[in-house]
Amino acid sequence: MENFILETKGLTKCYGDTAVVKGVDIHVKKGEIYALLGRNGAGKTTIMKMLLGLSRITKGTVHMFGQPFAGNKKEFLGRIGVMIETPGFYPNLTATENLEILSDLRGYIKRDAIKESLGKVGLPYKDKKLFSEFSLGMKQRLGIAAAIIHDPEVLILDEPVNGLDPIGVMETRDFIRELSQDYGKTILLSSHILSEIELLADRIGIIDKGILLEESSFEELKKRNMHYILLSAEPTETVIHMLEEEFHIGDYRIMGNGCIQVFDTEIQTKEIVKFLAERKIYVDAITKCSDTLEDYFKRITGGEGIA
Amino acid sequence: MLNICRNELKKLKRQKTARMLWAVGILIPAFDTLLCIKNHYPFRNLVGANVLFGSFLVIPFVFSAMLLNLFELEERNHTLKNILVIGVPEWKIFLSKLASALVIVVVFMGIITAYTVAGGIFLRNYISDVFHIFGIFLITSLCSVCAAMPVALLIILLRKRNLIAMIAINCFILIDFLFLWQLSMFHCLEMHLPVLAAYRITYPLTIIEYTDNLRLGLDTLYYPMDKGIFLLGATTAASLGISLWLYKRQEADV
């Protein structure tokens, strides 16, 4: 059995009779970047809030660092850096003053921590600019600075690149990668920006309407699902039956136009053509295709594109 | 706990609401003192007036409004989640905000003492016991704050609707003050309201020079000390207990 730094079992959240998160099982390994991918309102933030004790868990359990996350809250939370939703700070204070309050509350932070964390996100130390005068991107950076100020082992970041300009997005992405690769930090982030997830995540969990639809490494996902054979041959039902019999395909999908998507890409296309031709079924078209993460997301959630 | 309390006060830096409250707390007792100086009242009257307007009107108002401000600023700026994810328990947050509002009360008591002493110098009948004067304001203000503690309940219930909360606490403080203002009317002396008990049990302490009139006042306003302290203690404990319970329940889902 693998050791997970963060693990949930049957995590459920209900508001009255409505379940907004339904039996979610997340498994985050040490040192990896795990991304929760889902539309707005899919339940990503609610899951993160439950992980941190900000929202009551209706059903299910959370394990952090191999222990149940109940009691010893401060001990656990001291090892986690958090940025949930839009970063909230006091508008009448400067970035440094805001971080001083947070570091004072944490109580055991090294002397230059504020300066270092501000430096890492590209914000000036002891600047006189008030938080109310910050742009959305600067606010986001300050949120990240607050999350890393105490050098946590695990970072939980909700939409970390939200509101950043393209350069800011790139810098934040590099920074998150650096935290994971160079400092061994475990990062759980959520996003609805597929391109970012594609570039950043080691593993992803796809969530839709409060249900975790899939959880796997990005490489595994690519290999397993995002590459497929697109086949056009009639009659469709017979072709599928034959392919099941001969090639033991189990993972396929019939598209609206009658084409068949076969997700077992180990099979050679020429073998399929030869096999069907021998049985007097003529293939109109056959090709190996690659889905983008967005195509895959659409397929798995059975709906429109993200966001 | 001290750290959290200090941070609560830092949050008021450059804040408009806090500045307005400071202005109210500084200007009203100053106006009251100037009025006494202008009318050449004796020093004992200046102390009496500052106890009535300062300790029983300005102090409970400033305390309530600052407390509301401290709770409400976390709601407005979505900062509570930052504190909760550090692992600071809700009861500590609640008590630190309460303690910070009390620290501000003590600062205002110092300001009122300074006004009273300065007024005494102008009136040329100043009794030079600054600590005695400060003691009078300290005890009367604390009793008045205890009597006004049900506002904590209003603040916790209404803090997400700032305007309604501000109107509600102001109404509470003003109604309390009207009872004091009309103490001899409306059968107020037969009532057992916390604010009346606070005023009546602290009244003997505020007398710095006995006269026949004051003797009469003492007899009229007499309220048993033990009963008064019990009433204030029970009001404070019940208000804080229920408020804290509600706060913890509400904060469970940020």
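Modeller: A helix is a DSSP run of H or I with at least four residues and a strand is a run of E with at least two, both numbered from the N terminus. By that rule the elements of chain B, from the N terminus on, run α-α-α-α-α-α-α-α-α-α-α, and the count is 11 helices and 0 strands. Please keep in mind that the model is predicted, with local features needing pLDDT of at least 70 and side-chain atom pairs pLDDT 80 or more, while totals for chains, interfaces and linings use all residues. Residues are numbered from 1 along each chain as its sequence is written, chains are lettered from A and ligands numbered from 1 in the order in which they are written.

Colleague: What makes chain B as compact as a globular protein of its length?

Modeller: The radius of gyration, taken over C-alpha atoms, is set against the globule rule, which is 2.2 Å times the number of residues to the power 0.38. Chain B has a radius of 19 Å, close to the 18 Å that the rule gives for 254 residues, so the chain is as compact as a globular protein of that length. Along the principal axes, its C-alpha atoms fill a box of roughly 60 × 40 × 30 Å.

Colleague: What share of chain B is called buried?

Modeller: A residue is buried if 20 or more other C-beta atoms, placed from the backbone, lie within 10 Å of its own, exposed if 12 or fewer do, and partly exposed in between. Buried residues make up 42% of the 254 residues in chain B.

Colleague: How do you know that chain B is in contact with chain A, and which elements take part?

Modeller: Two residues are in contact if their C-beta atoms, placed from the backbone, lie within 7 Å, and 23 residues of chain B are in contact with 26 residues of chain A. On the side of chain B that touches chain A, the elements giving two or more residues are α1 (2-10), α3 (43-77) and α4 (80-84) of chain B. By class, that side has 9 nonpolar, 8 polar and 6 charged residues, where Ala, Val, Leu, Ile, Met, Phe, Trp, Tyr, Cys and Pro count as nonpolar, Asp, Glu, Lys and Arg as charged, and the others, Gly among them, as polar.

Colleague: What makes a nonpolar core, and which residues of the largest one touch the most other members?

Modeller: Such a core is a set of buried Ala, Val, Leu, Ile, Met, Phe, Trp, Tyr and Cys residues joined through C-beta atoms within 7 Å. The largest has 134 residues, and A:Ala35, A:Ile156, B:Val62, B:Leu67 and B:Ile155 touch the most other members. The element that gives the most to this core is α3(B), with 18 residues. A second, separate core of 10 residues includes A:Tyr228, A:Ala233, A:Ile272 and A:Leu276.

Colleague: Why do β13 and β15 of chain A count as edge strands?

Modeller: Two strands pair if DSSP finds at least two bridges between them, and 4 strands of chain A form an open sheet in the order β13-β14-β12-β15, with antiparallel pairing. β13 (252-254) and β15 (283-290) of chain A each have a single partner strand, so one side of each is left without a neighbour in the sheet. Inside the order, β12 (227-233) and β14 (260-262) of chain A meet the pairing rule with 3 bridges, and A:Ile229 has A:Val262 as its bridge partner in β14(A).

Colleague: Where does helix α9 of chain A lie, and what is its angle to β14(A)?

Modeller: Angles run from 0 to 180 degrees between N-to-C directions, with axes fitted as lines to C-alpha atoms, for helices over the stretch in contact. Helix α9 (236-247) of chain A lies across β12, β13 and β14 of chain A, at about 15 degrees to β14(A). Helix α10 (269-278) of chain A lies across β12 and β15, at about 160 degrees to β15(A).

Colleague: What is the pairing in the open sheet of 6 strands in chain A?

Modeller: The pairing is mixed, and the order is β7-β8-β9-β4-β10-β11 in chain A. β7(A) and β8 (154-158) of chain A run parallel and are joined by 4 bridges, with A:Ile80 opposite A:Val154 in β8(A). Helix α5 (136-148) of chain A lies across β7 and β8 of chain A, running at about 165 degrees to β7(A).
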